[in-house]
Structure formats: C-alpha cells, structure tokens
Amino acid sequence: MDCDKILGYLFGHKEIAEENTSVYKTGEQYFEIDEIYVCPQYRNQGIGKSLFKYVENEVSGEFNILKLTTATKNFRAILHFYIDELGMEFWSALLFKKVRKFQFNGETDVVLFQPIKSL
C-alpha cells in the first residue's frame with residue numbers, strides 16, 4: 001500500500017445471521033468489518049478510531065451490530081483498542097498451543113497421545 005497517499009482503510013460488508021447466538025438471532029442483519037488497517041508510521045494517532053467511528057455512524061441506521069474478527073500476537077493491545085477505546089464487547093477467543101511434531105515416511109505429523117501408567 002502506498003502510505004504516502006493513503007493513511008489507512010476499513011472495509012466490511014452486510015451479513016445475515018444463519019443461527020441464534022448470544023449476540024444476534026437467526027436472520028438478523030449485521031455489519032461485519034473485514035479489515036481495518038493503518039500504516040505503521042500513522043498508528044497511535046487516532047486514525048483507526050476515526051475510521052471505525054465513521055463506519056459505525058454510517059451503518060447505525062441500518063444495523064444494530066458491528067462485528068469483527070482480529071488476529072494478533074499482542075492481545076492486550078487489541079483488547080485495549082477494541083474494548084476500551086471503541087466500546088466493543090468481547091464474545092469469543094481462539095486459543096492454541098503448539099504441540100510436538102515428528103517425521104514419519106517424510107511427512108510431518110502431529111501426534112496426540114496420553115501416557116498410560118501401569119496399574
């Protein structure tokens with residue numbers, strides 16, 4: 001992206017809930033933010049917040065819910081930004097732990113096992 005001309009962007013789309021959740025009911029329309037990005041040299045200057053607030057204002061007449069999914073290694077920063085700064089609510093999390101891999105016939109496989117203690 002040419003950060004000399006564009007400081008950042010946000011884009012998203014209309015979605016319709018396919019099933020009931022604790023956030024929305026089947027058939028309810030909501031606006032899903034696909035991506036929000038601010039060029040590194042312009043971060044922490046309120047640009048991301050301004051983009052979000054602009055979209056929130058634009059879609060608030062049609063939708064009751066804004067939804068987004070985000071991925072980062074710095075979860076404290078995103079929780080602060082999205083919850084403290086933008087007033088979003090936390091709904092779910094995807095957690096993972098790397099497990100040991102081994103080679104078998106040239107392929108890398110993941111082994112799941114539970115040791116059994118003798119009686």
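**F31 and F63**

I looked up F31 and F63 in this predicted model, and both are buried (buried is under 20% relative accessible area, exposed over 50%, partly exposed in between, with a 1.4 Å probe and protein chains only). Residue numbers run from 1 along each chain as its sequence is written. I kept in mind that local features need pLDDT of at least 70 and side-chain atom pairs pLDDT 80 or more, that totals for chains, interfaces and linings use all residues, and that side-chain values use heavy atoms, with hydrogens and water left out.

**Aromatic pairs**

I searched the whole structure and got six aromatic pairs (rings of Phe, Tyr and Trp, the last by its six-membered ring, with centres within 6.5 Å; planes under 30 degrees apart are stacked, over 60 edge-to-face, the rest tilted). One of them is Y9 with F11: the centres are 5.9 Å apart and the planes sit at 20°, so I noted the pair as stacked. Y9 is partly exposed at 27% relative accessibility, and F11 is partly exposed at 40%.

Then back to F31 and F63: their ring centres are 6.0 Å apart with planes at 50°, so this pair is tilted. F31 lies in strand β2 (residues 29-38) and F63 in the loop between α1 (47-59) and β3 (66-68), so the pair ties together parts 32 residues apart in sequence. Helices (H or I, at least four residues) and strands (E, at least two) are DSSP runs, numbered from the N terminus. I also wrote down one aromatic cluster made of Y9, F11 and Y37.

**Salt bridges**

How many salt bridges does a search of the whole structure find? I got two (a side-chain nitrogen of Lys or Arg within 4 Å of a carboxyl oxygen of Asp or Glu). E85 pairs with K49, closest N and O atoms 3.5 Å apart. That pair links distant parts of the chain, with E85 in helix α2 and K49 in helix α1, 36 residues apart. E85 is partly exposed at 31%, and K49 is partly exposed at 32%.

K53 and E56 meet in a salt bridge too, 3.5 Å from N to O. Both lie in helix α1, three residues apart, about one turn of the helix. I have K53 as partly exposed at 36% and E56 as partly exposed at 30%.

**Surface patch**

F75, L79, I83 and F90 form a nonpolar surface patch with about 360 Å² of accessible area together. Patch residues have over 30% relative accessible area and no salt bridge; like charges are joined within 9 Å, nonpolar side chains (Val, Leu, Ile, Met, Phe, Trp, Tyr) within 5 Å. Areas are Shrake-Rupley with a 1.4 Å probe, and for residues only the protein chains shown count as cover. I checked L79: it is in helix α2 (residues 75-85) and partly exposed at 32%.
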